[in-house]
Amino acid sequence: MEINKSIQNAMNDYQKITGLRSYMVLNKEDLNSPSEKNYFCKCLKISTKAVKLCEECAAEAIDVILKTKKEYIYSCHAGIIKVAIPVVVNGEIVSIVIVEGILNSKQLESSDQWAQYLSNEYDVSASIMKKTFETVTVMNERELNASIKLLHDLIDYHISKEVWVNGQPA
């Protein structure tokens, strides 16, 4: 099995456990915006302006990851919390996993105003955007950090079944 398949298996397990969707980016040129699968992003991306800004946010996250080789938690242009996690094998970044669709409770409290702002800014339906907030996972900081650790562990688990260095799992 190849590494990308192992990463995909880890992402599938992660989604089953947390309900959070993620997607894999292989390099900065691989910003396949439609890869995002959460309802919020899909509804917002009927706007070409939103798609462009989504790609800019992802590119910025990838730049940070490539420089630091550490996970990066950020809020996208639409206010959704995302996490970019480098997958490092033998000291090299082989992929970046981006987890999407997280809000904190304060963001959820102001979702009506935020939906209206998104509607005005991107010319999308306010009622649809308001509905999308019901599908976004709400996490506090402790839950977010635990979910990041879980994803790291799942990736390590799946990759260690495939990648060996000097006769030992990587």
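Colleague: Is Y74 buried or exposed?

Modeller: Take the cut-offs: buried means under 20% relative accessible area, exposed over 50%, partly exposed in between, with a 1.4 Å probe and protein chains only. Y74 is buried, with a relative accessible area of 8%. This is a predicted model: local features need pLDDT of at least 70, side-chain atom pairs count only at pLDDT 80 or more, and totals for chains, interfaces and linings use all residues. Residues are numbered from 1 along each chain as its sequence is written, and side-chain values use heavy atoms, leaving out hydrogens and water.

Colleague: How many aromatic pairs does a search of the whole structure find?

Modeller: Rings of Phe, Tyr and Trp (its six-membered ring) pair if their centres lie within 6.5 Å; planes under 30 degrees apart count as stacked, over 60 as edge-to-face, the rest as tilted. The search finds 3 pairs. Among them is Y72 with Y74, stacked at 5.2 Å centre to centre, with 15° between the planes. Y72 is partly exposed, at 21%. W114 and Y117 also stack: 4.9 Å centre to centre, 25° between the planes.

Colleague: Where do W114 and Y117 lie?

Modeller: Helices are DSSP runs (H or I, at least four residues), numbered from the N terminus. Both residues lie in helix α5 (residues 111–122), 3 residues apart, about one turn of the helix. W114 is partly exposed at 30%. Y117 is partly exposed too, at 35%.

Colleague: Which residues of α1 make the contact with α7?

Modeller: Contact means heavy atoms within 4.5 Å. On α1, I3, S6, I7, N9, A10, D13, Y14, I17 and T18 take part. The α7 side includes S147, L150 and H158.

Notes:
Helices (H or I, at least four residues) and strands (E, at least two) are DSSP runs, numbered from the N terminus.
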